[in-house]
Amino acid sequence: MPSPIPPVQTRPSPRLYLTASSGIVPAKQRQLAIPRLERAGFTLENKAALERSYLRFAGTDDERQADLDRLLTQQELPSIVLAARGGYGAMRLLPQLDLARLGARLRESQTLLIGYSDFCSIQLALLAKSGAGSFAGPMLSDFGNARPSAYAMSEFIAAVTTPRRSLRVAGPTPRGSGEGVFWGGNLSVLSSLAGSPYLPDIKGGLLFLEDVGEQPYRLERMLQQLRLAGVLQKQQAIFLGDFAMQNHVDFYDPRYDFAAVVEELRRISGVPVYTGLPFGHIANKTTMPLGFPARFQSDGDGLTLQFLDYPTVSPLGLQPQALLDAVPA
């Protein structure tokens, strides 16, 4: 008599909780992103947050705060908390949030908090107040692109399901190596938090920065602010993502460009500065853990970053290809 076929072992779909802490979410992005994420195997929660609108924000301050406060009362936290989009408004919530409790719950449940741009004010504040790490990665707005980047979608799935990943950036680089906490985010947001209790005090860290829509002199001014606040000098190295500089020149002196900003950053920080990380307000972005240990090694011909000891979700049941599929009208 043949042996009975064992039952197929299934795993519940990863729960993906949506939070809209900043700008209004365009309808088209919602209409494309939601079915893509669901077909990819995620169970979406708090979708109603995407439909709110108040002034320029995705809801009133109380409504947007409630997205995050609700995580304090859930018996079991979701696998992923995903920011809807950037813009402005997240920092208005910081004084009202119980960041210590929220960060402790996220750490205990190994929940992945993912976003960038304006949302990094929440990420930085949680790191400052509780030590909770997060991920710089695509938001709902990225999944809602008419044609999502295959690189970005592949990197997202790989990063959230694979521990100990590496990122290689080719090109001439200063030689160096080290290990520390990889942290940072949007330069405008970091500089706006300088002097507040919501900017982490990381010593010997690996600081990552990106931005968009800023002229070179404004980038330098924000970097000078971080220098005056003592942030830059505490780091082992600084890593720059995309700054969308191709259309930005100094109106008064077009010779002052992004390369000049980088040289000034090297001078005022006194630490190695590496450029070209594939992250920022671009389609082809990677996904990187923030607030977790990392190593870097530069041999002069390129930079290798190794990300260590961060939480992940199981890939079982996920259908990554669905993130690239066209959504029927």
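Here are some questions and answers about this predicted model.

Residues are numbered from 1 along each chain as its sequence is written. The model being predicted, local features need pLDDT of at least 70 and side-chain atom pairs count only at pLDDT 80 or more, while totals for chains, interfaces and linings use all residues, and side-chain values use heavy atoms, with hydrogens and water left out.

Q: Is α8 roughly parallel or roughly perpendicular to α9?
A: The axes of α8 (residues 216-228) and α9 come within 9 Å and cross at roughly 10 degrees. As for the wording, angles under 35 degrees count as roughly parallel, over 145 as roughly antiparallel, 65 to 115 as roughly perpendicular and the rest as oblique. So α8 and α9 are roughly parallel.

Q: How many charged residues does the contact of α8 with α9 have?
A: From α8 come P216, L219, E220, L223, Q224 and R227, and they meet F258, V261, E264, L265, R267 and I268 of α9. For classes, Ala, Val, Leu, Ile, Met, Phe, Trp, Tyr, Cys and Pro count as nonpolar, Asp, Glu, Lys and Arg as charged, and the others, Gly among them, as polar. Alongside seven nonpolar residues and one polar, the charged ones number four.

Q: How is α3 oriented to α4, roughly parallel or roughly perpendicular?
A: Helix α3 (residues 99-109) and helix α4 (residues 120-130) have their axes 8 Å apart and pack at about 90 degrees. The contact uses A125, L126, K129 and S130 of α4, and residues of α3 including L99, L102 and L106. By class, the contact has seven nonpolar, two polar and two charged residues. Given that angle, α3 and α4 are roughly perpendicular.

Q: In the open sheet of six strands, which residue of β4 stands opposite I80?
A: This sheet runs β2-β1-β3-β4-β5-β11, with mixed pairing. Its edge strands are β2 (43-45) and β11 (288-290). Strand β3 (residues 80-83) pairs with β4 (residues 112-115) in the parallel sense, over three bridges. Opposite I80 sits L112.

Q: How far is R30 from L140 in space, C-alpha to C-alpha?
A: R30 is found in helix α1 (residues 27-39). Leaving out residues up to four places away in sequence, R30 touches V25, P35, L50, E51 and L140. R30 and L140 are 110 residues apart in sequence, yet their C-alpha separation is 7.6 Å.

Q: Which helix gives the most to the lining of the second largest pocket?
A: There are 14 lining residues, and G87, D118, N186, S188 and V189 lie nearest the pocket's centre. By class, the lining has four nonpolar, seven polar and three charged residues. With three residues, the top contributor among helices is α7 (residues 187-193).

Methods. On a 1 Å grid over the protein atoms alone, a cavity is a set of points where a 1.4 Å probe fits but cannot get out, and a pocket is an open set with protein on both sides within 12 Å along at least five of seven lines; lining residues have an atom within 4 Å of a point. Helices (H or I, at least four residues) and strands (E, at least two) are DSSP runs, numbered from the N terminus. Axes are lines fitted to C-alpha atoms, for helices over the stretch in contact, and angles run from 0 to 180 degrees between N-to-C directions. Contact means heavy atoms within 4.5 Å. Two strands pair if DSSP finds at least two bridges between them.
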